[in-house]
Amino acid sequence: MRISLLIVSMAVIMASCFSSKNADANANLPKDISERPIDEDSQKYDQAQLDKLRAEIEAEAEKEKCTDTTTGDWKPAAMGSKACGGPKYYIAYPAKLEATILPKIENYNNKEKEFNKKYNIISDCSLVGEPAGIRCANGKAEVVYPVE
């Protein structure tokens, strides 16, 4: 009886030693991505926030169906900020949304300017010319640039 009690005790002790080693080993493994904290100071995170803002602005501008641009219902606005200065491109937006969409565009442009400085972004420094006008294509407003 003593021998069987000794064997059982040794088995329990050995099992507990192995389980604590496994617990320590698991502590060094990488955490599941869903358990990781968001790194709000990373370039990838900041870029995702910019992309989200840009998508919201573009979605808002595209809500209106474009049928006629000769009535002045559509206007162009500079979007983005190149590292060397100036906009990346122009977006067409409905004039009736001017009061709500222009502050969002300005906010986006300022945030991209800050992003460029923070991460030392470089660009091609080519200038994007002023749009010649806006046209409707398949119900969407498009900015038209002058032909050189």
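Modeller: In this predicted model, the disulfides of the chain follow the pattern 1-4, 2-3, with bonded cysteines counted along the chain. The structure holds two disulfides.

Biologist: What makes Cys 66 and Cys 136 a disulfide?

Modeller: Their S to S distance is 1.8 Å, and a disulfide requires cysteine sulfur atoms within 2.5 Å; therefore the pair qualifies.

Biologist: Why is the disulfide of Cys 66 and Cys 136 called left-handed?

Modeller: The torsion about its S-S bond is about -65°, so the disulfide is left-handed. Cys 66 lies in the loop between α2 (43-62) and β1 (74-79), and Cys 136 in strand β3 (residues 133-137), so this pair ties together parts that are 70 residues apart in sequence.

Biologist: How do you know whether Cys 66 is buried or exposed?

Modeller: Cys 66 has 4% relative accessibility. Buried means under 20%, so Cys 66 counts as buried.

Biologist: Why is Cys 136 called partly exposed?

Modeller: The relative accessibility of Cys 136 is 28%.

Biologist: What makes Cys 84 and Cys 125 a disulfide?

Modeller: Their sulfur atoms are 1.6 Å apart, which meets the cut-off of within 2.5 Å. Cys 84 lies in the loop between β1 and β2 (89-94), and Cys 125 in the loop between α3 (98-118) and β3, so the pair ties together parts that are 41 residues apart in sequence.

Biologist: Why are Cys 84 and Cys 125 called partly exposed?

Modeller: Cys 84 has 46% relative accessibility, and Cys 125 has a relative accessible area of 41%. Exposed would require over 50% and buried under 20%, so each residue counts as partly exposed.

Notes
Residues are numbered from 1 along each chain as its sequence is written. This is a predicted model: local features need pLDDT of at least 70, side-chain atom pairs count only at pLDDT 80 or more; totals for chains, interfaces and linings use all residues. Side-chain values use heavy atoms; hydrogens and water are left out. Helices (H or I, at least four residues) and strands (E, at least two) are DSSP runs, numbered from the N terminus. Buried means under 20% relative accessible area, exposed over 50%, partly exposed in between (1.4 Å probe, protein chains only).
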